Amino acid sequence: AAEGEEAEEKKQKKEGEEGEEEEEVELPPPPLTGPACRLGAGTAFMDNKVFLFGGDATHDDGQNLFTNILSVGTIALEKGANAKGIEKGDDITWMNPEVTGDIPPARSDFLMTIMDFGVQKMIVVYGGFDKHGNVLDDMYCLDTEKFEWTCMYASDASTMPPLPISAFVQKRLFTISGSRSTYDDVRVLDFGKISEQSQFVPKMILRVTEELDKLQAFEAEALSDLGINPNDGDTEDRQREMLLQVNSCIYKFKNESESIELQLDVLRDAIGLLKQTSNMEKSENQMSEVAEQWTE
């Protein structure tokens, strides 16, 4: 009986140890101060900023781990009015912004590029390898103003060729095998169709609507200010205030007219692109109202 009890205790102890192993969770990665030393990371440059993502990074405690941390370096261009671009010795201030949305898993040796979606330019990340050496077949888009990630496409990589090599060509993603000498295994993803199946299009439609609403509010406020007659003021001080308000509005119009004209052109192009896959009648009508009001 004693031997039976002892055997039962050993069995329970073994099962408990196995349960602990199954419940073992992966510890959060140690801190990483950007940019850090990274292998296989992705980089992109836009608006005097360097965007550095992923790679096999050396963390603050010395460990080399795959990461999905985004580091952004802002380049200080203080070379006067004749400056033509970035030069050796320019100061770069690095930060790791807080990101939201569908944050991509850690990866290395992936594709990272900038794409123009009409309303704004965004950073696109595709593929690569995870820390176990598995091929990744997914695509993420980063809004560089909100630092928000959106997953545009993801699969189990079962259709990927061996050792894939990928490139974007006119908003199509071409992937070939890096282990073969022939091009009989070419995979093509249409970026437009991918964006239709993701949350990207609804977000861009919302962005267009928000920009049109802002322009309409600006025009309404400006027309209200321009309709002020300073002579209606009951005192000289009030008349002076009203005149300054009108002059301020005129100055603002002249100062921002070029940027607003450009914004209107960008919104027209964005609506033209989005209407290929979505009903943009409401936005088109609003665009016509905004453009007509601006002309007046």
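## Surroundings of serine 71

In this predicted model, serine 71 is in contact with Gly34, Pro35, Arg38, Val50, Phe51, Leu52, Trp94, Met95 and Asn96, leaving aside its neighbours within four places in sequence.

Serine 71 belongs to strand β6, which covers residues 70-76. Its relative accessibility is 0%, under the 20% limit, and serine 71 therefore counts as buried.

Two aromatic pairs are found in a search of the whole structure. One is edge-to-face and consists of phenylalanine 53 and phenylalanine 110, with 5.7 Å from centre to centre and 70° between the planes. This pair links distant parts of the chain: phenylalanine 53 is in strand β3 (residues 49-53), while phenylalanine 110 is in the loop between β8 (100-101) and β9 (111-116), 57 residues apart.

Phenylalanine 53 also pairs with tryptophan 149; the ring centres are 5.1 Å apart and the planes stand at 50°, so this pair is tilted. Because tryptophan 149 lies in strand β12 (residues 148-155) and phenylalanine 53 in strand β3, the pair ties together parts 96 residues apart in sequence.

Phenylalanine 53 and phenylalanine 110 are both buried, and tryptophan 149, at 1% relative accessibility, counts as buried.

## A three-stranded sheet

An open sheet has three strands in the order β1-β4-β5, paired in antiparallel fashion. Its edge strands, β1 (38-39) and β5 (64-66), each pair on one side only. Two bridges join β1 to strand β4 (residues 56-58) in the antiparallel sense. Leucine 39 has aspartate 56 as its bridge partner in β4.

Definitions and conventions
Residues numbered from 1 in each chain as written. Predicted model: local features only at pLDDT ≥ 70, side-chain atom pairs only at ≥ 80, totals over all residues. Heavy atoms only, no water. Pairing = 2+ DSSP bridges. Helix = DSSP H or I, 4+ residues; strand = E, 2+ residues; numbered from the N terminus. Buried < 20%, exposed > 50% of the residue type's maximum accessible area, 1.4 Å probe, protein only. Contact = heavy atoms within 4.5 Å. Phe/Tyr/Trp six-rings, centres within 6.5 Å; stacked < 30°, edge-to-face > 60°.
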